Amino acid sequence: NSLAETKLSLEDVSLKLHESRVKAAEDFAQEMTDSIRGLELVYAAFDVQITDAPLSQFGSDNIVFRFSSTGRNLTDLSKCASGGELSRIMLALKAMRARYTAMPTMIFDEIDTGVSGSVADKMGSMICSMGSYMQVFAITHLPQVAAKGCAHYLVSKDINPDTSVAVSKIERLSDEQRVLEIARMLSGSTLTDAAVANARSLLKN
């Protein structure tokens with residue numbers, strides 16, 4: 001009957017999907033590991049565990065992404081990664097996805113949460129490199145990441161004194177405004193000569 005035929009068809013498609021997943025898993029895991037290690041998790045390891053699962057619209061596999069920052073005793077990613085590690089893993093995953101799916105635009109909303117310093121600089125470089133084959137918008141509070149952009153927009157929110165309604169606005173910054181805003185990210189509300197000089201250096205590099 002049609003129900004039995006449909007079940008056989010689903011099982012056939014599920015088997016082909018399983019074979020494709022198994023074939024892709026090793027290369028995917030290796031590329032993810034290489035990318036994550038490039039973000040200063042030099043001993044990290046990432047793999048894909050595929051086990052049997054009840055047949056459903058997603059196939060007959062249970063898939064777990066496993067991770068270890070030391071390269072040993074890999075564990076379910078959702079149970080072991082810190083905030084900073086998750087940020088780096090998500091960026092590596094999104095960068096790979098964008099590259100292979102020919103996405104026209106990617107929007108990152110503070111994907112650099114939990115990182116700083118040289119790690120933030122490397123994440124900024126990875127985000128910037130994606131801009132060579134797609135449009136990238138990155139919302140960030142980190143000067144190391146912001147300085148990688150070729151155009152900067154300042155988003156601000158004010159309360160209208162007459163109506164008490166919050167009004168948001170976005171403004172493209174001039175070259176000098178870019179310097180000052182990145183300097184504010186470095187030093188806070190009080191701008192210092194050192195912060196301005198540092199901002200100019202970050203933008204130049």
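Biologist: Why is Ser 164 called exposed?

Modeller: Ser 164 has a relative accessibility of 56%. Exposed means over 50% relative accessible area, buried means under 20%, and partly exposed is in between (1.4 Å probe, protein chains only). So Ser 164, at 56%, counts as exposed. This is a predicted model: local features need pLDDT of at least 70, side-chain atom pairs count only at pLDDT 80 or more, and totals for chains, interfaces and linings use all residues. Residues are numbered from 1 along each chain as its sequence is written, and side-chain values use heavy atoms, with hydrogens and water left out.

Biologist: Where is Ser 164 found?

Modeller: Ser 164 is in the loop between strand 6 (153-159) and strand 7 (166-172). Strands are DSSP runs of E with at least two residues, helices are runs of H or I with at least four, and both are numbered from the N terminus.

Biologist: What makes the phi of Ser 164 worth a remark?

Modeller: Its phi is positive, about 60 degrees, although Ser 164 is not a glycine. Most residues other than glycine have a negative phi. Asn 73 also has a positive phi, of about 55 degrees, and is not a glycine. Asn 73 sits in the loop between strand 2 and strand 3 (75-76).

Biologist: Is Asn 73 buried or exposed?

Modeller: Asn 73 has 69% relative accessibility, so it counts as exposed.

Biologist: What makes Ser 82 partly exposed?

Modeller: Its relative accessible area is 36%. Ser 82 is placed in the loop between helix 2 (77-80) and helix 3 (83-101). Ser 82 and Lys 157 are 75 residues apart in sequence, and their C-alpha atoms are 31 Å apart in space.

Biologist: How do you know that Leu 77 is buried?

Modeller: The relative accessible area of Leu 77 is 12%. That is under 20%, so Leu 77 is buried. Leu 77 belongs to helix 2.

Biologist: Which residues does Leu 77 touch, not counting residues up to four places away in sequence?

Modeller: Leu 77 touches Phe 46, Phe 65, Arg 66, Phe 67, Leu 86 and Ile 89. Contact means heavy atoms within 4.5 Å.

Biologist: And why does Gln 144 count as buried?

Modeller: Gln 144 has 18% relative accessibility, so it falls under the 20% cut-off and counts as buried. Gln 144 lies in helix 5 (residues 143-146). Leaving aside neighbours within four places in sequence, Gln 144 is in contact with Ser 116, Gly 117, Ala 120 and Asp 121.

Biologist: How many aromatic pairs does the structure hold?

Modeller: There are three aromatic pairs. One of them joins Phe 28 and Phe 46.

Biologist: Why is the pair of Phe 28 and Phe 46 called edge-to-face?

Modeller: Rings of Phe, Tyr and Trp (its six-membered ring) pair if their centres lie within 6.5 Å; planes under 30 degrees apart count as stacked, over 60 as edge-to-face and the rest as tilted. Phe 28 and Phe 46 are 5.8 Å apart, centre to centre, with 80 degrees between the planes. So they pair, and the pair is edge-to-face.

Biologist: What does the pair tie together?

Modeller: Phe 28 lies in helix 1 (residues 2-37) and Phe 46 in strand 1 (residues 45-56), so the pair ties together parts that are 18 residues apart in sequence.

Biologist: What makes the pair of Phe 46 and Phe 65 tilted?

Modeller: The angle between their planes is 50 degrees, and the centres are 5.4 Å apart.
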